[in-house]
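Subject: Structure handover

Hello,

Here is the structure I promised to pass on. Please open it alongside this note, which covers what I found.

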Amino acid sequence: MINTSLPIVPQDSTDQREIFATALVRQAPLPERLNTVLLEMEKAARDEGIPVIGRLEGAIVRTLTALRGDTTTRVLDIGTAIGYSALWLAYALPEGGKVTSIELDPERAARAADFIDRAGMADRIEILVGDAFELIPHLGAYDLIFQDIMKHRYFGSDPSLATELLKLSKAHLEVNGLLMIDNAFCGGGVVAGDAAEHSNELVGVRNMNQALAEDPDFDGVILPVRDGLWIARRTA
Ligand SMILES: C[S@@+](CC[C@H](N)C(=O)[O-])C[C@H]1O[C@@H](n2cnc3c(N)ncnc32)[C@H](O)[C@@H]1O
């Protein structure tokens, strides 16, 4: 069901500026229980080739989420893997905040549940197992949505799905809500040349980038860190 032979963006970059920023972020104090589990997850991700956003992007996601303060209590995390991004999101939320995280692979979802429990965040994160395209239409509205499934879902598949997921996310995002989408550069492919000559995945991500950039209901920008992180506020 899941194509595990896909290229994985390394969690730690070779860019000297990102290495410097990541080293500083590693020194930031975190609750010991949370940090112990995050370190274990980072090791598992490296050893087993599990794609996670890594420490630098984790800290960016946490900071952007925390900046929203009490306006953000309902978060949707699309693509749980082993729960790494869900933990950063949950940690940033105010009291009473909750992350709903969706994962297609039941084994990964089970590992995520175990890590999340050990990090002491089980009361803040709910994992739904299934296909995001089937589950999201049954969910409510969110203050923040983090999308991180594109690499898996679109490679060699239908290039229109990336834009469909954007539409689905928009339909479940409150006005003034924040949409974050990882892998906007699609491994660098969308920057390198004419995506139309490349894979369905590249075409899909390029079209999604264009649709989001042109959408009058969003203000946003791709942060050029790691593989490109869209941050876009729904304005209307
Ligand atoms: C890049 S990983 C997510 C990493 C996670 N956000 C993190 O940083 O910790 C993408 C995950 O999305 C899952 N996935 C792929 N297609 C999906 C779909 N249609 N619905 C739900 N999950 C999906 C994959 O099984 C994979 O575990």
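Two strands count as paired if DSSP finds at least two bridges between them. Strand S4 (residues 142–147) and strand S5 (residues 173–182) are joined by 5 bridges. They run parallel. Within this pair, Ile145 stands opposite Leu179 in S5. Please keep in mind that this is a predicted model.

The sheet

S4 and S5 belong to an open sheet of 7 strands. The order is S3-S2-S1-S4-S5-S7-S6, and the pairing is mixed. Which strands stand at the edges? They are S3 (125–129) and S6 (218–223). Each has a single partner strand, so one side of each has no neighbour in the sheet. On average, neighbouring strands are turned by 15° against each other, direction ignored.

Helix H3 (residues 54–67) packs on this sheet. H3 touches S4, S5, S6 and strand S7 (229–234). The direction of H3 makes about 10° with that of S7.

Now take strand S1 (residues 74–78). Of its 5 residues, 4 are buried, so S1 is largely enclosed by the rest of the structure. "Buried" here means that 20 or more other C-beta atoms lie within 10 Å of the residue's own. S1 pairs with S2 in the parallel sense, over 5 bridges. Asp77 has Ser101 in S2 as its bridge partner.

The ligand

There are 21 residues around the ligand. Which of them come nearest? Gly79, Ala81, Tyr84, Leu104 and Ala132 do. H7 gives the largest share, 3 residues. By class, the shell has 11 nonpolar, 3 polar and 7 charged residues.

The core

In soluble globular proteins, nonpolar side chains tend to be buried together. In this model, the largest nonpolar core has 64 residues. Leu87, Leu89, Ala90, Ala112 and Ile116 touch the most other members. H4 supplies the largest share of this core, 8 residues.

Leaving aside neighbours within four places in sequence, Ala90 is in contact with Val99, Met121, Arg124 and Ile125.

Best wishes

Methods:
Residues are numbered from 1 along each chain as its sequence is written. This is a predicted model: local features need pLDDT of at least 70, side-chain atom pairs count only at pLDDT 80 or more; totals for chains, interfaces and linings use all residues. A residue is near a molecule or strand if its C-beta atom, placed from the backbone, lies within 6 Å of it. Helices (H or I, at least four residues) and strands (E, at least two) are DSSP runs, numbered from the N terminus. Ala, Val, Leu, Ile, Met, Phe, Trp, Tyr, Cys and Pro count as nonpolar, Asp, Glu, Lys and Arg as charged, and the others, Gly among them, as polar. Axes are lines fitted to C-alpha atoms, for helices over the stretch in contact, and angles run from 0 to 180 degrees between N-to-C directions. Two residues are in contact if their C-beta atoms, placed from the backbone, lie within 7 Å. A nonpolar core is a set of buried Ala, Val, Leu, Ile, Met, Phe, Trp, Tyr and Cys residues joined through C-beta atoms within 7 Å. A residue is buried if 20 or more other C-beta atoms lie within 10 Å of its own, exposed if 12 or fewer, and partly exposed in between; C-beta atoms are placed from the backbone.
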